[in-house]
Every structure is written in structure tokens, then in C-alpha cells.
Amino acid sequence: MNQILSVDNSNIKKGKTNNYKQRNRGPIEIHTILKFFVISILIFGICIIGSGSYSMYKEATKEANNTKPVIYVENIAETEILLKVTHDKPLAKVSYDWNDETEISLPCNNNQEVETTIELPTGVNTLKVKATDINGQQIEYTQVYTIEEPININIEPDGNNLKITANGKNILQYMTYRWDEEEETKIEINGNESEQIVEIPKGLHVLTVIVVDENNKTETKEQEVNGVTKPKVEVVETDDGKFTIKASDEQGIKKIEFKINEKKYTLNLDQVLELEERKEFEYTYELNDGENKIEVIAYNESDVEQTLTTEITK
């Protein structure tokens, strides 16, 4: 009986050992599977991140290669603009043209910035600008500019008066002028040019001239004018073989120049006579035998001159 019990105990111990191993085999296998699963997820995540980063890098590189030049246009004067082209890469070509006609290319020299000033032509014209970089990326800019035809006004002395001239490529409708703040005078033109003679009032005044064309473009010009009259000059032959120069001016005669048969004489009156004595002045001189060609030029205090020529035979 003891042997039987001994054998039985051995089998019981052996059985217990086997049962223990079987009970612990399940948890070990689950732990291993979880570990493998976690490692797989990490590897997969790293692959996804790497792939995404590479895609972002490729996209950023592609976007950088696809950037285009930038065109700036700025008005710097009534008939002038500044054209400027900038880029983050070297520029291969920059050009512009008016109305799709002759193309004008600007030197680039692989610079990233190119600029120039452009004079705006008169009339209605379309500007087109093209810019291309070294990768072939191109951009265009188009703008319509309207510059009205100019009106030219000129004011110049004409004896004791003023001559006002106006001209333009468009039809001029009318002209107005006024002295200081007085009422203006209107003159109809209806042509491309006009010429008007205006009497100058005495003293210092401001003349304002306005010209309007058929497109209602208005041009204004102001000019300060000192209204003075020319000296009066007279040459009189005397009975004793001489001639007398008579000159007068309300400002006073400053100087007299006269010639007899190309021989010239000068009288600087302001150096020897008082002002009142020079407002009316006479000077007598001997005539040559035969023909005398006489020219007299009188200057007043404002250097306004009057010339007289005559011939006297002795």
C-alpha cells in the first residue's frame, strides 16, 4: 500500500507541475503579441511620418520653384511712371511695349530686381509688361493710360503791348485773360492755335491766361508784367547845318545812342543829369556835308528802347 501511495504522490507532483506550466503559457504569449503589436505600430508611424515629411518637402520645393516675379508700377510724374520687377530668383527677361507694338527689353544680367522709368505717350495707350525668371515662370501686367494732348501758352512783348499765343494738337475752344483780379476777357478760338495782342496797363500787374480745348482740358499761365511805354524819339534838322535829337519819357531817358553814317556816339544821361531833367531831353549835333544816315536809340529807366532812323542831306 505504501508503494502504491508513493507512486501516486509522484504522479500527483508531476501532474501539478504540468498543470502549472499550462496555466502560465497563456499570459506569456499575450504579452509577446502586445509587444510585437506596439513595435509594429511604432514602425508604421515612423514610416507614415517620414513619408508625410518627404511629401511636404517635395511640395515646398515645388512651390518654391513655382513662384513668379512681382511687377510694381508707380506714378512719379504727370507723364512718367516707375516700372520695377522683383523676384526671389534671377530674372531672365523683362520687357514692355505700347499697344502690342515694338517690344523694349530691359537688361536683367540675372539680377533679382530690375527697374526703369517710362515716359507716358499722349492719347489713350495700353502698356504691357512681361517678366520671366530662369525657371521659365512668367507674369504679365497690363494697364491703360490716358494722357491728354498738351496746350502751349506763350506770352511775349510786342512793342508797348503783349502778344499771347496758344496752340495744341486738339481743337482749342476759347481763351480768357485778365489783369490782376479784374473781370476776364473771353476770346473764342475753335482752332488749333490762336494769337492775341493785349494792351499793357501802366505799372506792375499780373496777367492770367486760361485756354480750354475741346476735351475740356484747361491750361493756365500767369506772368508778372511791368507796363511801361517806349520813349518818344524825334530828329529835327536845324537851319545852321545841324540836327537835334528830341527824346522824352515819363520814367526819364537813361541813355541815347546815335550813329551818323556808321560812326557811333553814346550819351549816358543818368550819369550827368537829374531825373527830372531827363524826362524831356534835347541834343544838337553837327551834320556832315552831303548825305547823313542817322539812327537814334533811346533807353528809359526800365531799359525799354525806341529806335528811329532817318536821312538828312546837308
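Hi everyone, let's start with the rings: this model has eight aromatic pairs, counting Phe, Tyr and Trp rings (the six-membered one for Trp) with centres within 6.5 Å, where planes under 30 degrees apart are stacked, over 60 edge-to-face and the rest tilted. One of them is the tilted pair of F258 and Y283, at 5.9 Å centre to centre with 50° between the planes. F258 belongs to strand 15 (residues 253–260) and Y283 to strand 17 (residues 280–286), so this pair ties together parts that are 25 residues apart in sequence. Strands here are DSSP runs of E, at least two residues, numbered from the N terminus.

A quick word on where this comes from. It is a predicted model, in which local features need pLDDT of at least 70 and side-chain atom pairs count only at pLDDT 80 or more, while totals for chains, interfaces and linings use all residues. Residues are numbered from 1 along each chain as its sequence is written, and side-chain values use heavy atoms, with hydrogens and water left out.

Back to our pair: is F258 buried or exposed? F258 counts as buried because its relative accessibility is 1%, whereas Y283, at 26%, is partly exposed. The cut-offs are under 20% relative accessible area for buried, over 50% for exposed, and partly exposed in between, with a 1.4 Å probe and protein chains only.

Next come Y265 and Y285, whose ring centres are 5.0 Å apart with planes at 50°, so they are tilted. Y265 sits in strand 16 (residues 263–268) and Y285 in strand 17, so parts 20 residues apart in sequence are tied together. Y285 is partly exposed, at 24% relative accessibility. Ring pairs join F243, F258, Y265, Y283 and Y285 into a cluster.

Some rings also have a charge over them, meaning NZ of Lys or CZ of Arg within 6 Å of the ring centre and within 35 degrees of the ring normal. K186 has its charged end over Y174, 4.2 Å from the ring centre, and K255 lies over the face of Y299 at 4.7 Å.

Finally, please look at D133, in strand 6 (residues 123–133). D133 is buried, at 2% relative accessible area. Its contacts (heavy atoms within 4.5 Å) include H87, K89 and L91. The C-alpha atoms of D133 and H87 are 8.0 Å apart, although 46 residues separate them along the chain. Which backbone nitrogen does the D133 side chain reach at 3.0 Å? That is the nitrogen of G136, and the backbone nitrogen of Q137 lies 2.8 Å from a polar atom of the D133 side chain.

How values were computed:
Helices (H or I, at least four residues) and strands (E, at least two) are DSSP runs, numbered from the N terminus. A polar contact is a pair of N or O atoms within 3.5 Å; within protein, one must be able to donate a hydrogen and the other to accept it, and residues adjacent in sequence count only if both atoms are side-chain atoms. Lists of a residue's contacts leave out its neighbours within four places in sequence.
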